[in-house]
Amino acid sequence: MRAELHLARRYLIGLGRRTNVATVTLISLVGLGLGVVALVVTLALLEGFQSSIRRDLVERSTHAQIRPASGRVLGEPDQLASLLHEGLPDVEIVRSVRGNCLVASTVDAVPALVVGRSDVESVMADRVLAARLGIGAAGAVDVISSRRRLTPLGPVPVRARVDIAEVGAAEPGQEGGVLTVPLEVAQRIIWGSPEVEALDLKDLSAPWKLGATVRKILAGRDDIVILGLDDLNRPLLLALALERILIFVAVGLILVVAALNLLCNVAMVAAEKRRDLAVLTSLGLEPVRVRRLFLLLGLGIGAAGAFGGAVVGVATAWILDATGALPLPRGVFVVSSVPFSVDPMMVAKVVGLALFLSALASWLPSRVVARREPAEGLRYE
Amino acid sequence: MSDSGIMVRLHGISKTYGEGEAQVQVLKGLDLEVRRGEMLAIVGPSGVGKSTLLHLVGLLDRADEGIVEIDGQDTGNLSSSERARLRNSLLGFVFQHHHLLDELDARDNVALPMRIGGKSATLARRRAEGLLDTVGLSQRMTHYPDQLSGGEQQRTAVARALVMRPGLLLADEPTGNLDRTASETVFRLIRNLHAEENLTSVIVTHNEKMAGQCDRIFKLAPADQSSGYVDVS
């Protein structure tokens with residue numbers, strides 16, 4: 001192995017003396033490097049946006065939810081809450097009900113999700129709903145439930161008028177409009193009685209693990225269902241993961257093209273070094289070591305491109321994020337500039353992919369070279 | 001090494017190049033033995049198969065028919081890797097063109113077979129320096145091939161051929177590209193090292209004077225001529 005490493009190193013250093021091969025090698029190296037830069041920066045951009053979405057999700061969403069296994073009403077919510085308080089004293093527990101209602105302003109009436117929460121004292125409409133209804137803080141809306149009450153005129157939908165105290169940001173993934181009201185108001189509109197549909201739990205210290213922790217505490221209860229942050233936001237998280245995979249594959253194609261260029265480069269070196277290879281074989285270099293020598297050559301070029309590209313890519317992402325060089329319109333996004341976040345594991349995967357493709361690109365010419373009888377190369381000369 | 005007095009034994013060797021109408025038979029039913037310690041010159045007109053013969057002895061090519069025994073070992077069934085290892089440990093080559101690697105200086109070129117053989121870089125360099133000194137190139141160790149004259153390049157190639165202390169030296173027109181003075185220097189060097197290192201040498205040459213200084217001359221004629229192969233002792 002040491003002899004092959006020695007030769008590969010000398011060949012790579014000596015490339016500069018042969019203009020044509022050196023130029024092609026430089027193009028291969030720059031191609032791979034640019035591919036890695038593109039992949040690292042794109043994935044850092046994606047990770048930046050996805051991180052901000054996940055941060056937002058953690059800030060605003062419920063981290064775990066306890067629901068009845070069947071039906072809509074949760075039995076013994078107070079007993080469950082006290083059990084959880086014992087096991088998780090720092091976790092915030094909120095009783096909640098939810099129902100789809102018609103919400104009407106003086107301008108329009110739209111269906112929306114009405115959420116009643118025990119930690120809420122005033123009514124808040126999210127931006128989506130506020131925009132649809134043309135209302136703002138200090139406005140008032142009518143909430144019309146699908147529940148009916150009997151009147152002398154016959155059954156009519158239950159209706160309540162609430163004053164909007166605040167217009168807040170929409171929860172990630174919620175596009176239909178949400179009206180958050182005090183629990184008692186929601187219970188009156190949706191149920192007509194003090195029912196609780198779910199316990200919403202929040203633990204900012206370990207939001208992603210809260211579901212599993214609650215499952216441990218309430219193990220053996222088959223009358224309830226416990227949903228973690230992942231379960232509650234599965235469609236959104238799946239969409240984010242899918243987006244990441246598709247971008248990785250799409251931008252990764254640049255690396256494939258660069259690797260094909262490397263294949264041509266290694267094949268060109270193999271053709272140019274035909275005589276040298278015959279001489280090396282005549283000196284006793286076995287075919288498997290000839291193949292290894294060419295793999296090392298390709299990997300040497302690939303490693304220089306991959307690591308160089310990774311350094312440039314990480315630096316670019318870091319500078320763009322630190323300086324906020326790409327501003328975003330205020331009010332549209334939750335962040336003021338395009339966020340970049342470099343995940344070391346992601347960089348390692350990109351470098352690994354580049355090295356793998358380099359090895360693959362070198363493997364084919366190396367096989368061809370290793371099969372040649374040494375006399376062929378000497379006769380050719 | 002085998003105790004047998006025969007270092008190289010070829011029996012019934014045939015070799016053909018090309019296919020169909022372009023087929024050319026270069027060697028046909030050739031028999032040859034080279035005794036241990038002998039210096040054999042192979043002569044003959046161009047295209048008669050001298051280099052092919054040397055390549056077959058050097059395990060750089062495979063015969064279509066016949067037996068090639070080196071140091072008592074039948075090489076017919078050896079794998080490519082086994083043949084490569086045998087070349088590294090037992091054979092030394094000097095080609096008509098020096099065939100030094102452009103990327104390595106003279107010392108690293110000479111040390112290369114030892115590095116391929118798995119010896120340490122330090123040991124290989126020390127042996128290479130000793131040999132370069134022997135061939136009169138102690139002042140050229142860090143020179144690259146393109147910084148050496150033709151004679152110096154070929155002397156470096158001779159040093160490289162001997163760095164593994166081979167039993168068999170194979171030289172394919174080693175002075176073919178050199179002027180008269182350089183040719184004489186290189187041949188004298190090969191002859192001296194042949195004696196000093198206890199070598200068996202097979203030298204392909206067009207130079208009759210040089211062939212005449214060898215222990216034995218083996219004359220090759222075209223395969224289709226009835227005269228065949230003549231041992232001129």
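This is a predicted model: local features need pLDDT of at least 70, side-chain atom pairs count only at pLDDT 80 or more; totals for chains, interfaces and linings use all residues.
**View 1. A nonpolar surface patch that includes A:V30.** A:V30 is placed in helix α2 (residues 19-60) of chain A, where helices (H or I, at least four residues) and strands (E, at least two) are DSSP runs numbered from the N terminus. A:V30 counts as partly exposed because its relative accessibility is 41%, buried meaning under 20% relative accessible area, exposed over 50% and partly exposed in between (1.4 Å probe, protein chains only).

**View 2. Strand β6 of chain A and its pairing with β4 and β5.** Strand β4 (residues 123-126) of chain A runs parallel to strand β6 (residues 154-168) of chain A and is joined to it by four bridges, two strands being paired if DSSP finds at least two bridges between them. In this pairing A:V123 stands opposite A:I164 in β6(A). Strand β5 (residues 140-151) of chain A runs antiparallel to β6(A), with nine bridges between them, and here A:V141 stands opposite A:V162. β5(A) and β6(A) form a hairpin in which two residues lie between the strands.

**View 3. The salt bridge between A:D200 and A:R98.** The closest N and O atoms of this pair are 3.2 Å apart, a salt bridge being a side-chain nitrogen of Lys or Arg within 4 Å of a carboxyl oxygen of Asp or Glu. The pair links distant parts of the chain, with A:D200 in strand β8 (residues 198-202) and A:R98 in strand β2 (residues 92-104) of chain A, 102 residues apart. A:D200 counts as buried at 2% relative accessibility, whereas A:R98 is partly exposed at 25%.

**View 4. The salt bridge between B:R9 and B:E69.** The side chains of B:R9 and B:E69 meet at 3.0 Å, N to O. B:R9 lies in strand β1 (residues 6-17) and B:E69 in strand β4 (residues 65-70) of chain B, so the pair ties together parts that are 60 residues apart in sequence.

**Notes.** Residues are numbered from 1 along each chain as its sequence is written, and chains are lettered from A and ligands numbered from 1 in the order in which they are written. Local features need pLDDT of at least 70 and side-chain atom pairs count only at pLDDT 80 or more, while totals for chains, interfaces and linings use all residues, and side-chain values use heavy atoms, with hydrogens and water left out.

Note on methods
Patches are made of residues with over 30% relative accessible area and no salt bridge: like charges are joined within 9 Å, nonpolar side chains (Val, Leu, Ile, Met, Phe, Trp, Tyr) within 5 Å. Accessible areas come from the Shrake-Rupley method with a 1.4 Å probe; for residues, only the protein chains shown count as cover.
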